[in-house]
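This report describes the fold of one protein chain for a reader who is new to structural work. Please keep the sequence and the structure in view while reading.

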Amino acid sequence: MKARIPKDPLQPLVLAYGMEKERLARLETLLQGEQIPLKALSDADLCQKAGFLCGLPGYLPGEPELLEPFPHEALLLCGFGDRALDRLLLLLRQNDLRVARKAALTAVNRDWPLRQLLEEIDREHEMMSRR
């Protein structure tokens with residue numbers, strides 16, 4: 001008998017960092033049509049673990065820490081299966097809401113502070129852009 005690994009019970013959620021108000025409003029309208037909640041992140045969230053920001057059980061708020069703002073907008077996509085993620089990315093493209101730096105929450109990055117996750121996304125983006 002095969003062991004079944006339960007899927008992450010997390011409901012889909014999009015976290016947005018550093019987006020201008022107009023783009024954030026457009027993203028929120030698009031996501032409302034899909035019944036996907038949006039949470040805008042601020043510089044104060046940079047020290048918090050991604051798992052906490054996505055609402056995972058067992059994650060508590062970290063100690064507040066003043067960190068330098070991250071210079072780019074980014075999305076963290078929480079609780080999306082493959083099909084739902086593909087659909088969301090297609091909707092973003094179709095509605096001209098491209099965000100170059102984005103990542104899905106994973107078992108590895110959920111323990112990272114947001115700042116570390118954003119820096120890793122940025123490194124990956126820069127590496128892919130050079131190709």
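Which residues have the most contacts inside the largest nonpolar core? The structure is a predicted model, and in this model the answer is Leu15, Leu76, Cys78, Leu105 and Leu118, within a core of 21 residues.

## The nonpolar cores

S1, H2, S3 and helix H4 (114–129) each supply at least two of its residues. H4 provides the largest share, namely four residues.

Apart from its neighbours within four places in sequence, leucine 15 is in contact with Lys39, Leu41, Leu53, Cys54, Ala74, Leu75, Leu76 and Cys78. Two of the residues in that list, Leu76 and Cys78, are also named among those with the most contacts inside the largest core.

## Overall form of the chain

The chain contains four helices and four strands. Along the sequence these elements follow the pattern β-α-β-α-β-α-β-α. The C-alpha trace spans about 50 × 40 × 35 Å along its principal axes. The radius of gyration is 15 Å, which agrees with the value near 14 Å that a compact globule of 131 residues would have.

Of the 131 residues, 37% count as buried. The accessible surface comes to about 8,900 Å², and carbon and sulfur atoms account for 53% of this area.

In general, strands of a sheet pair through backbone hydrogen bonds, in either a parallel or an antiparallel sense. Both senses can be found here. Strand S1 (residues 13–17) pairs with S2 in the parallel sense over four bridges, whereas S1 and S3 pair in the antiparallel sense over five bridges. Valine 14 stands opposite leucine 38 in S2, and leucine 15 stands opposite lysine 39 in S2. On the side of S3, leucine 13 stands opposite cysteine 78.

Is strand S1 enclosed or open? Five of the five residues of S1 are buried, so this strand is largely enclosed by the rest of the structure. The cover extends to both faces of S1: Leu13, Leu15 and Tyr17 are buried on one side, and Val14 and Ala16 are buried on the other.

Alanine 40 lies in strand S2. Alanine 40 is partly exposed because its relative accessible area, 47%, falls between the limits of 20% and 50%. Not counting residues up to four places away in sequence, alanine 40 touches Ala16, Leu24 and Asp45. The C-alpha atoms of alanine 40 and leucine 24 are 8.0 Å apart, although these residues are 16 apart in sequence.

## Two residues in loops

Lysine 49 is found in the loop that connects strand S2 (38–41) and helix H2 (50–53). With a relative accessibility of 40%, lysine 49 counts as partly exposed. Which residues does lysine 49 contact, leaving aside its neighbours within four places in sequence? The contacts are with Tyr59, Arg110, Asp111, Trp112 and Pro113. Leucine 10 is 39 residues from lysine 49 along the chain, and the C-alpha atoms of the two are separated by 16 Å.

Glycine 62 lies in the loop between H2 and S3. Glycine 62 also counts as partly exposed, at 31% relative accessibility. Between glycine 62 and alanine 40, the C-alpha distance is 18 Å and the separation in sequence is 22 residues.

Methods
Residues are numbered from 1 along each chain as its sequence is written. This is a predicted model: local features need pLDDT of at least 70, side-chain atom pairs count only at pLDDT 80 or more; totals for chains, interfaces and linings use all residues. Side-chain values use heavy atoms; hydrogens and water are left out. Buried means under 20% relative accessible area, exposed over 50%, partly exposed in between (1.4 Å probe, protein chains only). Contact means heavy atoms within 4.5 Å. Two strands pair if DSSP finds at least two bridges between them. A nonpolar core is a set of buried Ala, Val, Leu, Ile, Met, Phe, Trp, Tyr and Cys residues joined through side-chain atoms within 4.5 Å. The radius of gyration is taken over C-alpha atoms; the globule rule is 2.2 Å times the number of residues to the power 0.38. Accessible areas come from the Shrake-Rupley method with a 1.4 Å probe; for residues, only the protein chains shown count as cover.
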